[in-house]
Amino acid sequence: MKRRTHPQSMLAFLSLTLLGSSALAQSVTIKINGYGGTDPAVVGDLINRYVKPLVAKDNINVVYEPLQGDYNKALTTLLAAGNAGDLLYLPGETAQGFIATGKLLPLNGLVSTTPFIKSLNSVFTVKSQTYAVAKDFNTLSLVYNKDLFDEAKVAYPNASDTWKSLATKLTAVKKALPSGYYGICLQPGFDRFGAFAYAEGWKQFDAAGKTNLQSKPFVDAFTWYTSLAKDKVGVTPSEISQGWTGGCMGTGKVAVAIEGNWVAGFLKDNAPNLKYGSTLLPKSDATGKRGNFLYTVGWAINAGTKNKAAAVKVLNALTSVDAQNYVLEQGLAIPSRTALQSSPFFAKAGAGPENAKVVFQGATDGFVSGFNFGPAGADWSKIVDTALASVLSGQKSVKDALASAQADMNKLQSR
């Protein structure tokens with residue numbers, strides 16, 4: 001006997017079907033938290049050009065919400081309150097601390113990290129679980145003002161330079177130029193100096209997670225770096241009313257700065273007539289090796305997101321080949337995808353592409369480590385920064401500064 005469907009049952013079925021279709025058709029908004037400054041404009045353009053077209057078919061909307069001021073502090077507050085975005089910038093230097101909170105979603109099985117540089121993946125990996133995909137990266141390069149070296153009749157810095165030969169060149173430039181010109185801009189921070197400590201073979205943390213600021217490799221690097229301030233061969237940014245070494249370079253008063261590829265865009269906009277070149281950091285005379293940092297920020301997913309599948313799709317779009325090529329072409333950073341390391345951009349003529357190529361080469365030359373502060377976060381770096389500033393300003397000797405710094409480090413790491 002043929003089964004007869006009750007009209008009211010059919011009506012209920014149709015209603016549920018329509019409601020289900022409507023629910024599926026509803027737009028999902030993925031909120032992204034990242035840096036303020038210039039990032040909103042850049043990421044906004046990236047989203048409009050390359051992300052939205054890829055996720056539009058899934059009815060996913062993407063919104064970038066920058067966190068102004070201290071990003072790490074602001075993100076900590078939002079995560080604790082359950083108000084952070086679905087996707088987040090995860091800075092490499094503070095990644096371990098955020099991962100330890102349990103507020104980030106492990107990406108194993110959700111996102112493939114195989115296409116990305118292994119050393120970058122390791123920055124965001126804890127106990128075999130990966131919590132972010134590097135959106136791009138940078139290393140440090142030595143950027144030099146060609147006009148100042150030409151005027152001083154001193155050979156340009158090059159990849160064969162050691163600490164000693166570079167110091168000789170910088171001293172010669174300072175002596176040859178009028179007052180108010182300097183050989184190098186010295187950032188009083190671990191974020192620049194630390195690369196030279198690595199070149200000496202220094203290990204940031206021992207097996208127990210402790211830091212030794214009085215080991216010979218660290219002391220030797222610290223002594224050389226701060227010695228460049230002697231006779232004003234080197235000058236700190238604040239001494240010439242600047243906030244960073246790229247700003248020093250932009251004034252045209254400094255022959256050398258140590259910066260990443262972000263300096264290319266800055267100089268293009270702020271010192272378009274400056275003739276500059278780029279080369280690898282000098283080698284330690286003791287080890288014959290360079291040191292360098294891998295600066296990176298990853299895309300992480302908030303473990304508390306209600307739209308995990310959509311967040312994964314947006315993350316994949318943000319790290320697509322086209323999206324990373326865009327970042328490279330803008331002169332902002334180097335793509336983290338292995339396949340893009342052979343991008344034609346690196347072969348282009350010009351100071352910007354030249355710097356990008358040098359920055360890329362720095363990732364695999366010598367003792368290279370991910371830039372991070374360990375579990376203590378930014379408090380770790382402040383100790384080294386304070387020591388550097390006290391010696392560069394002439395307030396303390398190297399011995400006294402490092403003795404004080406070690407005492408502070410011991411207290412920090414005993415908590």
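Mentor: What follows is a description of helix H16 and what lies around it. This is a predicted model, in which local features need pLDDT of at least 70 and side-chain atom pairs count only at pLDDT 80 or more, while totals for chains, interfaces and linings use all residues. Residues are numbered from 1 along each chain as its sequence is written, and side-chain values use heavy atoms, with hydrogens and water left out.

Helices here are DSSP runs of H or I with at least four residues, numbered from the N terminus. H16 takes in residues 398-412, which makes 15 residues. From its first C-alpha to its last it reaches 21 Å, close to the 21 Å expected at 1.5 Å a residue; the expected span is 1.5 Å times one less than the number of residues.

Buried means under 20% relative accessible area, exposed over 50%, and partly exposed in between, with a 1.4 Å probe and protein chains only. The buried residues in H16 are Ala 401, Leu 402, Ala 405, Gln 406, Met 409 and Leu 412. They cover an arc of only 130° around the axis, so they sit on the same side of H16; the arc is that of the directions from the helix axis to the C-beta atoms. An α-helix has 3.6 residues a turn, so residues three or four places apart point the same way. On the other side of H16, Lys 399 and Lys 411 are exposed.

What covers the buried residues of H16 includes helix H9 (216-227) and helix H15 (378-392).

Conventions. Helices (H or I, at least four residues) and strands (E, at least two) are DSSP runs, numbered from the N terminus. Contact means heavy atoms within 4.5 Å.
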